[in-house]
Amino acid sequence: MLEMVSKRRRFRLKTAGLVLAATTWWPGPVFAEDLLFESTQVLHLTIRAPLKSLSSELARPDHVAGSIELTDGVVIPVSIQPYGTSRPQRCTMPLFKLEIENGDTDGSVFEGLDVLRLVTPCHLSSSCDRYALLEYLVYASYAIVAEPALRVRLVSCRFLDSQKPSFEQTRLAFFVEEIGDAAARHHTTWLDLESQGLEDLDPEQLAILALFQFMIGNTDWSAVAAAEGLRCCHNIAVLGGGGDPHNLLLPFDFDQAGLVDAPYAQPDRTLGINSVKERVYRGFCAHNDYLPEAIALFNEVRPRLEELFSREDLPEPKHRKRALKYIGSFYETITNPLKVENRLLNRCR
């Protein structure tokens, strides 16, 4: 069980050679959603819904009726609820929360699931495929580097508009695991906090997380606070109650990252950068002693990250190659002691 793994290994369960090394270990319970997330193959399906209504920023409904149609002919009725606080200001397509309504999912990839979250492309155009794919790869990358991590499944989704029968678009999207389900897998709960202090967090995990955010060029996160009235923390869920004195961090929402380089992504001007592709280290000076070990971990998993971005079964090879080059520049930094000192240790907060 997860509690029986040493603290250091909790954040490295998926790194090479560490899953079963030197310690007696056995898996926890099998969760229904494993059927969806256990495979890395691209899932092909159709979503039929009143897309025109969902795409209307001014008259967007709270929820609409739709369906998921699988390639084997199974049709699953769903209620689709748009979500995402900033999404309507920049995208015509909302994120989809899909609630399964009385559909027989037994034997399907969705067996046992009641709620699905689908990260849709910002617009139903081919130019947006790359951004959905790259954000999916960011989630998958973090799952290689550390735990807890949200699981994802890439989807080739055929969108049909029930209000306009002639409309049909096949675009890339991905399912992302529910935060509550990820918390349950780690025998924790999703905490409802306004803020937290550094003393509440595991310094090793936070050092790894901060270095990962630096790798992908993401500054749109906070481990200690959220905007007023919102749940802590910004683009990070806080998990606790698992027998560890420290809270655990579960990052999500990476579309502002430089690696993704979405056309609407804007840097925080207070950081003194003009592009989201410019990296700024947002780790904490109190955790600088943990940075060398975090760097060693990233060097260890580098072949797996490169393998992930080089998968031949994935589309958009040109943009995956460009993302690999961006990751390569990160490794040029962390393998150079002078750059580590100047760009990380001396830039902490």
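Modeller: We shall discuss disulfides, salt bridges, a sheet, a helix and some backbone details.
Modeller: This is a predicted model, in which local features need pLDDT of at least 70 and side-chain atom pairs count only at pLDDT 80 or more, while totals for chains, interfaces and linings use all residues. Residues are numbered from 1 along each chain as its sequence is written, and side-chain values use heavy atoms, with hydrogens and water left out.

Biologist: How many disulfides are there?
Modeller: The count comes to three disulfides, a disulfide being a pair of cysteine sulfur atoms within 2.5 Å. With the bonded cysteines of the protein chain numbered in sequence order, the pairing is 1-2, 3-4, 5-6.

Biologist: Which cysteine does Cys91 pair with?
Modeller: Cys91 is joined to Cys122, with an S to S distance of 2.0 Å. This pair links distant parts of the chain, 31 residues apart: Cys91 is in the loop between helix H4 (87-90) and strand E4 (95-100), and Cys122 is in the loop between E5 and H5. Helices (H or I, at least four residues) and strands (E, at least two) are DSSP runs, numbered from the N terminus. The torsion about the S-S bond of Cys91 and Cys122 is about -105°, so this disulfide is left-handed.

Biologist: Are those two cysteines buried or exposed?
Modeller: Both Cys91 and Cys122 are buried. Buried means under 20% relative accessible area, exposed means over 50%, and partly exposed lies in between (1.4 Å probe, protein chains only).

Biologist: What about Cys285?
Modeller: A disulfide joins Cys285 to Cys348, S to S 1.9 Å. Here 63 residues separate the partners, with Cys285 in the loop between E10 and H8 and Cys348 in the segment after H10. The torsion about the S-S bond of Cys285 and Cys348 is about 100°, so this disulfide is right-handed. Cys285 counts as partly exposed at 36% relative accessibility, whereas Cys348 counts as buried at 17%.

Biologist: And which cysteine is joined to Cys232?
Modeller: Cys232 forms a disulfide with Cys233, S to S 1.8 Å. A cis peptide bond also joins Cys232 and Cys233, with omega about 5°. Cys233 lies in the loop between H7 and E9. Cys232 is buried at 1% relative accessibility, and Cys233 is buried at 4%.

Biologist: New topic. How many salt bridges does the structure hold?
Modeller: The structure holds 12 salt bridges. A salt bridge is a side-chain nitrogen of Lys or Arg within 4 Å of a carboxyl oxygen of Asp or Glu. One of them brings together the side chains of Asp34 and Arg151, at 2.6 Å from N to O. Asp34 is in helix H2 (residues 34-37) and Arg151 is in the loop between H5 and strand E6 (152-161), 117 residues apart.

Biologist: Is Asp34 buried or exposed?
Modeller: Asp34 counts as buried at 18% relative accessibility, and Arg151 is buried at 13%.

Biologist: What does Glu178 pair with?
Modeller: Glu178 forms a salt bridge with Arg117, and their closest N and O atoms are 2.4 Å apart. Salt bridges that share partners join Asp34, Arg151, Glu177 and Arg185 into one network.

Biologist: On to the sheet. What is the order of its three strands?
Modeller: This open sheet has the order E8-E9-E10, with antiparallel pairing. Two strands pair if DSSP finds at least two bridges between them. Strand E8 (189-190) and strand E10 (248-251) are the edge strands, each pairing on one side only. Strand E9 (residues 236-240) and E10 pair over four bridges, and Ala237 has Leu250 in E10 as its bridge partner.

Biologist: Last one: what span should helix H9 have?
Modeller: At 1.5 Å a residue, the 18 residues of H9 (residues 317-334) should span 26 Å, and its end C-alpha atoms are 26 Å apart, which agrees. The expected span is 1.5 Å times one less than the number of residues. Buried residues of H9 include His319, Ala323 and Phe330.
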